[in-house]
Amino acid sequence: MKKIVALPGDGIGPEIMDAGIQVLNQLTPKYGLDYKIERYDFGGCAIDSTGTPLPKTTLKACQEADAILLGAIGGPKWSNAPKRPEQGLLELRKNLGLFANIRPVKISKSLEALSPLKSERIRGVDFIIVRELTGGIYFGEPRELKKERALDTCLYTRSEIQRIMRQAFNIARTRKKKVTSVDKANVLATSKLWREVAEEVAKEFPDVKLEHQLVDSAAMLLIQNPKQFDVIVTENLFGDILSDEASVIPGTLGVLPSASHSEKNSSLYEPIHGSAPDIAGKNSANPLSMIFSISMMLRESFKEYSAAEELEAACERVIEKGYTTKDLGGKTTTTEFVQALIEELK
Ligand code: ATP
Ligand code: MG
C-alpha cells in the first residue's frame, strides 16, 4: 500500500486538491494501484491551527510518504505573520532535500487552439525547465533587512550545480538531447561557476548537446521562439521567473504542473502557480495544474505510465468538448470540469 500525503494548503489549494483526488480515485481502480491518501495542514492554514507553517507532524508524514501532493500556500492573510507560509515551503524543500524542480511546458492540441500566442509560434512547443530549488539567493546567508540597506546572498557550491546538471542531462537523454543552461555569467560569480560546471558535466554526456544562454536573452527567446528549447536548466531565482513567463505560452498558470525530486526522499508534486487569493472560494480555479501534477506523480513515483496517459488523453477530450475554466476563456466551474472529466474516465 502506497502512502500519498496531501497538503491542500491555502487559497485555491484545497479546491484543486479535492478535484485532483476525486479524479485520481476515479482513474486508479482499474490499474490496481493500492494507495491511501492522508491530508495534513501546511502553510497558512497550519499557522492558523498550530502557529507554524510546517508543523512537525506534517514534516514527519512527508518524510514517510511515497509521494507528496501539494496544492498551494500563502495569501494576504498571513503577509505579516512572524513566520510566513512561504518560509514553510522553503523549509519543507530544504528538509526533504528537494533540489530538482521539473516543470514541463507542453502545449497539447486543445490548449494550442486556446493560446493567446500565434499558433505557428507555439505549435508543438515541448520543453522542460529544470530549476535548482534548494540553493541560490533564496537560501544564501547572511541576509539582512534594515531601513536604509538590505542584503541577500547568492551562493552555489560546485556539487550543488553538478547534481542539478546531471538531472537535466539525464532528462535530455530521454528527449531531444539538448540542454540549454541559463545563467548570467557576464556579471555573476555564481553564474561563472554554473557555466564551468555545466561544461564539465557535459563531458559525461557526449550524446547531449549543451548550449549556454544569458537569462535576459533566454527570457526573450522563450516567447519569440519557444520551440528551440528541449531542456532548460537554471538556478533557483531564474527558474522561478522563467517558468512563470513560460505560462503565457499555454495562456494560463492554471495548466502547469511540476515535480520536485531529492536524492533520498520521496518526490513532491505541485502546480507551479500560487494560491491565487483573487479567485479563491469562487469555484473557478483551473484544476488541470493539479491533475497534470498527479499524472507526473503516476509516472515518476509509481511508474503507472498507462494510467497517466489515459488521464492526459481524457483531459484533452474534455477540453475539446468545450469544458474550459475562466482562465482559458471558458465558463466551466472547477466542479463542472471535474464532473466532465470523471464522466470521460468512466
Ligand atoms: P506565488 O508568489 O505564490 O508564486 P503568484 O504571485 O505567482 O503567487 P498566483 O497565485 O500564482 O500568483 O496567481 C497569479 C495569477 O494567476 C492570478 O491572477 C491567479 O488568479 C491566476 N491563477 C493561478 N492559478 C490559477 C488556476 N489554477 N486557475 C486559474 N487561475 C489561476
Ligand atoms: Mg509566482
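A residue counts as buried if 20 or more other C-beta atoms lie within 10 Å of its own, as exposed if 12 or fewer do, and as partly exposed in between. The tour below applies these cut-offs to a predicted model.

**Annotated residues.** Please begin by selecting Asp216, Asp240 and Asp244, which the unreviewed UniProt entry annotates as "binding site". These positions are spread over 29 residues of sequence, yet they cluster in space, with a largest C-alpha distance of 14.5 Å.

Next, centre the view on Asp240, in helix α10, which comprises residues 236–246. Asp240 has 19 other C-beta atoms within 10 Å and is therefore partly exposed.

Now move to Asp216, which belongs to helix α9, residues 215–224. Because 12 other C-beta atoms lie within 10 Å of Asp216, this residue is exposed.

**The loop at Phe205.** Select Phe205, located in the loop that links α8 (189–202) to β9 (209–214). Phe205 counts as partly exposed because it has 18 C-beta neighbours inside 10 Å. Display Phe169 and Arg173 as well: Phe205 touches both, when residues up to four places away in sequence are not counted. For a distance across the model, pick the C-alpha atoms of Phe205 and Ser243; the two residues are 38 residues apart in sequence and 25 Å apart in space.

**Ligand 1.** Finally, select ligand 1 and the 16 residues around it. Of these, Gly254, His273, Gly274, Ala276 and Asn286 come nearest. Colouring the shell by class shows 5 nonpolar, 8 polar and 3 charged residues.

Methods. Residues numbered from 1 in each chain as written. Chains lettered and ligands numbered in written order. Predicted model: local features only at pLDDT ≥ 70, side-chain atom pairs only at ≥ 80, totals over all residues. Near = placed C-beta within 6 Å. Nonpolar A, V, L, I, M, F, W, Y, C, P; charged D, E, K, R; others polar. Helix = DSSP H or I, 4+ residues; strand = E, 2+ residues; numbered from the N terminus. Contact = placed C-beta atoms within 7 Å. UniProt positions renumbered as here; feature names shortened; annotations may be inferred.
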